[in-house]
Amino acid sequence: MSTVVSKTGIASLKCGVKGNPVPQGTWLKKNSSLPSHKRIMQSRGDLVIGDVTSQDGGVYTCRAKNILGVVTSSATLTVQVAALVTKKPSSVILEEGEDVTLVCKASGRPIPTITWQKLLGHLPRGRTAVIYGNMTILSVTKKDTGTYVCSVKNLLGEDSALVVITVIDRLKFTVTPPLKVAVSEFNNLTLNFKAQGALDITWKRTNKNLLQNHVFISNGTLFLKQVTANDEGSYTCVARNYQRTMDKDMCCRSAQTHVL
């Protein structure tokens with residue numbers, strides 16, 4: 001026997017066993033006695049469960065006994081639950097060309113269907129796949145920037161979650177200083193560095209601090225004024241862009257300064 005009831009509803013299971021003398025019926029679940037609770041009532045072999053929860057689902061066994069013997073009868077209780085998003089996707093910042101997978105999990109009975117859509121637009125054609133509710137977009141472009149919706153639905157209800165994808169320029173060096181550079185003493189030296197998609201660019205000197213006569217210009221250029229032998233060494237330029245979960249560091253080639 002099988003009974004289907006919605007969550008918070010009332011489930012009624014009947015034992016349906018007869019005998020002479022009249023047998024006494026007791027209900028079990030997983031071979032254990034049912035807990036004493038005001039929601040659970042047994043009367044004349046019948047079992048009534050009020051305000052049903054998902055934990056109430058399962059196989060119940062009625063055990064009927066009189067002086068002549070014992071018989072059992074089983075019934076399955078299925079509890080239907082409205083669809084609910086249990087794991088919401090996280091918003092992400094990506095570089096162009098990266099792949100992304102957004103995870104969306106749901107619970108409910110019947111098992112919910114999971115669908116994706118883009119607000120104010122369409123899912124990228126030929127680059128989007130939804131597998132087990134998780135959406136993957138291959139080789140993202142700036143046109144993929146926007147808000148996406150994960151929707152879950154079954155017969156009893158529906159739920160949804162929003163997530164934002166932001167696509168930024170791919171970090172790329174466009175101007176780098178030469179590997180080695182020679183400059184006459186007391187002359188000025190300019191080391192140029194530029195990077196596409198960088199939020200900030202900084203210069204470092206290997207194993208030494210930048211001297212006070214070193215002036216950093218915010219466009220990525222390092223200006224060395226009146227170079228001396230103290231300025232000889234390796235210099236490293238670092239470009240960074242920001243992704244929500246990590247910093248991405250890229251270093252230019254070290255530039256040696258040799259005083260003639």
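This is a predicted model: local features need pLDDT of at least 70, side-chain atom pairs count only at pLDDT 80 or more; totals for chains, interfaces and linings use all residues.
**View 1. The aromatic pair of Phe193 and Trp203.** Two aromatic pairs turn up when the whole structure is searched. In one of them, the ring centres of Phe193 and Trp203 are 6.5 Å apart and the ring planes stand at 80°, so this pair is edge-to-face. Phe193 sits in the loop between strand S19 (189-191) and strand S20 (194-196), while Trp203 belongs to strand S21 (residues 200-205), so the pair ties together parts that are 10 residues apart in sequence. Phe193 and Trp203 are both buried. Through ring pairs, Phe173 joins Phe193 and Trp203 in a cluster.

**View 2. Asp144 and its surroundings.** Asp144 is located in the loop that runs between strand S14 (134-137) and strand S15 (146-154). Its relative accessibility is 3%; because buried means under 20% relative accessible area, Asp144 counts as buried. Leaving aside residues up to four places away in sequence, Asp144 touches Lys118, Pro124, Arg127, Ile137, Ser139, Ile165 and Val167.

View 3. Leu162 is part of strand S16 (residues 157-168). The relative accessible area of Leu162 is 55%; because exposed means over 50%, Leu162 is classed as exposed.

Terms used:
Residues are numbered from 1 along each chain as its sequence is written. Side-chain values use heavy atoms; hydrogens and water are left out. Rings of Phe, Tyr and Trp (its six-membered ring) pair if their centres lie within 6.5 Å; planes under 30 degrees apart count as stacked, over 60 as edge-to-face and the rest as tilted. Helices (H or I, at least four residues) and strands (E, at least two) are DSSP runs, numbered from the N terminus. Buried means under 20% relative accessible area, exposed over 50%, partly exposed in between (1.4 Å probe, protein chains only). Contact means heavy atoms within 4.5 Å.
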